[in-house]
There are 2 protein chains.
Amino acid sequence: MTTLIPVSLSGGHAYDIHLGTDLLAGAGRAIAGVARSKRCVIISQPRISTLYAQPLTASLEAAGFTVLATINFPDGEEAKHLETLTNLSQALYALPEPLDRKTVVIALGGGVVGDVAGFLAAIYLRGLDFVQIPTTLLALVDSSVGGKTGVDLNAGKNLVGAFHQPRLVLADLSLLQTLPARDFLSGLAEVVKYGVIADPEILTFMAEKSGLILARDTDCLQHLVKRSCQIKAEVVVADEREENGTRAILNFGHTIGHALEGATNYARYLHGEAVAIGMVSACCIGEAAGVTPPVVRETLVALLQQLGLPIALPADKDDTTLMALTAQDKKAVAGQARFVLADALGHVKLQEGIAQTTALAGLQQQRRVYGESK
Amino acid sequence: MTTLIPVSLSGGHAYDIHLGTDLLAGAGRAIAGVARSKRCVIISQPRISTLYAQPLTASLEAAGFTVLATINFPDGEEAKHLETLTNLSQALYALPEPLDRKTVVIALGGGVVGDVAGFLAAIYLRGLDFVQIPTTLLALVDSSVGGKTGVDLNAGKNLVGAFHQPRLVLADLSLLQTLPARDFLSGLAEVVKYGVIADPEILTFMAEKSGLILARDTDCLQHLVKRSCQIKAEVVVADEREENGTRAILNFGHTIGHALEGATNYARYLHGEAVAIGMVSACCIGEAAGVTPPVVRETLVALLQQLGLPIALPADKDDTTLMALTAQDKKAVAGQARFVLADALGHVKLQEGIAQTTALAGLQQQRRVYGESK
């Protein structure tokens with residue numbers, strides 16, 4: 001059964017997430033329902049393309065689409081650069097038939113594919129139509145809602161990009177069965193985040209069903225992905241272009257999380273792993289600031305441990321280093337880190353002007369209580 | 001006196017063009033009226049920057065702005081590439097203070113600066129605020145309305161970009177006094193275009209006052225720029241993202257114009273020169289198709305000659321070559337060139353399915369009647 005999750009953006013940007021299992025075979029029909037053209041291109045990476053490009057193409061052709069090309073760019077996060085955009089744009093231009101703005105770009109892959117293909121769709125000919133088929137849990141619950149696309153510069157992550165909303169997200173839980181275990185766990189960290197920021201029921205559910213969830217039971221995943229996407233959609237609809245601060249709550253755990261990723265050159269932690277540790281940091285800092293009740297941290301830590309996600313800061317990156325990196329975060333205002341802190345289980349707020357000493361005290365407490373990782 | 005020309009776009013994208021003389025000294029105050037931040041960067045090219053960056057900076061500082069940097073990228077059209085975007089983005093990131101989305105990017109220069117700085121403003125941090133100060137006649141009457149930004153790929157012109165509307169356009173006619181003569185004339189060709197597509201009074205006015213216009217009389221220019229921007233604004237408001245075909249009428253003369261530029265590697269003709277010849281082609285093709293009355297061509301040619309703009313096709317690029325290039329135009333649909341043809345003086349329409357033989361007959365006629373250029 002397919003569940004439709006509406007993302008009710010204004011200005012003609014509203015779209016649905018089609019959530020279910022075994023959706024790939026019906027992808028062509030679903031996309032035909034929203035497309036303005038019967039011509040499309042698939043953008044992917046080799047590993048994913050090998051698994052799913054053929055059945056996707058068959059489904060598209062059965063629905064009357066012409067798949068002009070399947071274009072793969074190199075696997076890995078390193079490909080998320082403007083050079084890849086140049087190469088993909090040249091490849092689109094080299095196709096025998098010229099594209100027009102109604103041509104559908106289909107992103108088949110994880111977060112990197114969604115970010116790159118979405119940005120390509122945003123800028124090629126100043127904007128093509130765009131459909132996302134996320135193949136990782138992280139992409140399903142995070143980047144499939146919100147319209148953020150973009151690439152990295154050597155200087156920093158996601159520094160250039162665009163808001164470009166898809167016409168459809170096909171959230172096929174069956175695709176998660178081929179996901180490496182560590183990537184799957186990393187995605188769960190973002191699901192935990194939705195529980196902490198907006199819905200404690202998610203945390204209870206995850207604690208009760210952790211065995212089934214780790215076994216990728218599709219009913220459990222359906223529930224968790226649905227709630228995650230609904231929460232994110234509510235937040236994004238209230239603040240589509242990140243202008244009124246509402247959207248900032250999605251960054252719970254990300255201030256220290258991004259610093260951890262940066263301090264380790266994006267090589268040590270998967271995004272969700274860094275966010276897991278960063279959520280614990282946010283709790284400790286929140287307690288040091290007198291904002292966060294200890295029950296939030298206790299509930300969070302118990303669940304992260306049950307799932308097998310990390311909670312300890314690394315021994316080789318000291319707190320001063322991490323704090324210096326937070327000030328460079330692109331969401332810092334005038335060089336000051338802003339923290340999203342929980343004031344209750346299921347509720348967070350953006351907190352400006354947390355003193356450096358308070359933040360450092362929180363991180364120190366985290367190391368003291370939860371130890372350090374090598 | 002400053003004339004305000006409203007560009008009444010929907011969705012919070014409405015802005016005004018401030019048109020007048022000696023506006024640079026008051027630029028800071030005008031920008032303060034629309035900016036959401038007192039921090040800005042100026043993006044320019046060396047030649048223009050030498051002339052105007054200092055007085056602009058003084059005006060901004062007098063209005064309370066902090067000019068974080070003036071960043072020049074190399075002169076010339078060759079700089080209009082994604083590599084320049086990478087370099088400019090890195091330069092923004094390297095500034096001591098991190099930018100936020102309210103930081104104002106001020107484009108000081110001609111069309112290339114507007115396109116590059118506008119695209120930078122569109123994608124850096126997924127969108128900064130943007131103000132344009134055009135310094136060429138072409139940029140004043142063409143790129144200051146419409147929100148098109150973008151860069152070239154090796155494969156073709158303006159292949160990647162974004163629609164990103166400015167918060168203000170400061171159209172200071174005094175800046176045109178330093179414009180090289182050939183660039184000034186090139187801009188006039190686009191003004192002639194507005195006459196042909198929408199307002200024959202422009203053509204009468206230009207014919208009557210050609211001496212004053214060529215002497216860059218500011219009263220004459222004020223009238224012509226105002227009418228040009230008003231016409232373009234009407235068209236753009238009716239079709240902001242080029243979706244319903246209305247905006248296509250702005251391409252009158254551009255189908256063959258672009259082919260001429262492409263056939264000569266963008267080295268022989270300035271844009272307006274190619275458009276001048278291309279407008280004559282559009283008339284000849286329109287006559288061959290039985291759409292365009294000869295009076296349009298006669299009026300147009302007389303005016304172009306009076307102004308000193310070219311009307312003859314080049315001897316060394318044959319019609320088949322030019323027609324092949326039109327099919328590659330990114331606005332071609334499924335490989336077929338579409339022509340914007342005049343059906344009366346002051347009115348044009350998009351015409352699909354002009355037979356190749358008809359188009360060739362028109363071009364042949366143009367060569368027969370107006371000769372060929374070396």
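Helices (H or I, at least four residues) and strands (E, at least two) are taken here as DSSP runs, numbered from the N terminus. The model is predicted: local features need pLDDT of at least 70, side-chain atom pairs count only at pLDDT 80 or more, and totals for chains, interfaces and linings use all residues. Side-chain values rest on heavy atoms, with hydrogens and water left out, while residues are numbered from 1 along each chain as its sequence is written, and chains are lettered from A.

The overall arrangement comes first. Chain B can be laid on chain A with an RMSD of 0.0 Å by a turn of 180° and a shift of 0.0 Å along the axis, the superposition being by least squares on the C-alpha atoms of residues with pLDDT of at least 70 in both copies. The two copies are therefore related as by a two-fold rotation axis. The same surface serves both: 100% of the contact residues of chain B recur in chain A, where contact means heavy atoms within 4.5 Å.

Buried means under 20% relative accessible area, exposed over 50%, and partly exposed in between (1.4 Å probe, protein chains only). Strand 1 of chain A runs antiparallel to strand 2 (residues 15-20) of chain A, and 5 bridges join them; strands are said to pair if DSSP finds at least two bridges between them. In this arrangement A:Val7 stands opposite A:Tyr15 of strand 2.

Charged contacts form the next topic. Side chains of opposite charge can pair when their charged atoms come close. A salt bridge is counted when a side-chain nitrogen of Lys or Arg lies within 4 Å of a carboxyl oxygen of Asp or Glu, and the whole structure holds 38 of them over all chains. In one of these, A:Asp100 meets A:Arg39 at 3.6 Å, N to O. This pair links distant parts of the chain, 61 residues apart: A:Asp100 is in the loop between helix 3 (82-93) and strand 5 (104-109), and A:Arg39 is in strand 3 (residues 39-44). A:Asp100 is partly exposed at a relative accessible area of 24%, whereas A:Arg39 is buried at 13%.

A local pair is found in helix 6 (residues 181-198) of chain A, where A:Lys193 and A:Glu190 are 3 residues apart and so are separated by about one helical turn. Their closest N and O atoms are 3.0 Å apart in a salt bridge, and both residues are buried. A:Arg268 and A:Asp316 also form a salt bridge, with the closest N and O atoms 2.6 Å apart. These two are 48 residues apart, A:Arg268 in the loop between helix 10 (254-263) and helix 11 (271-288), A:Asp316 in the loop between strand 10 (313-314) and helix 13 (319-328). A:Arg268 counts as partly exposed at 29% relative accessibility, as does A:Asp316 at 46%.

The cysteines remain. The structure holds 0 disulfides over all chains, a disulfide being a pair of cysteine sulfur atoms within 2.5 Å. The sulfur of B:Cys220 is 16 Å from the closest cysteine sulfur, in B:Cys229, and is therefore too far for a bond. B:Cys220 is buried at 5% relative accessibility, and B:Cys229 is buried at 1%.
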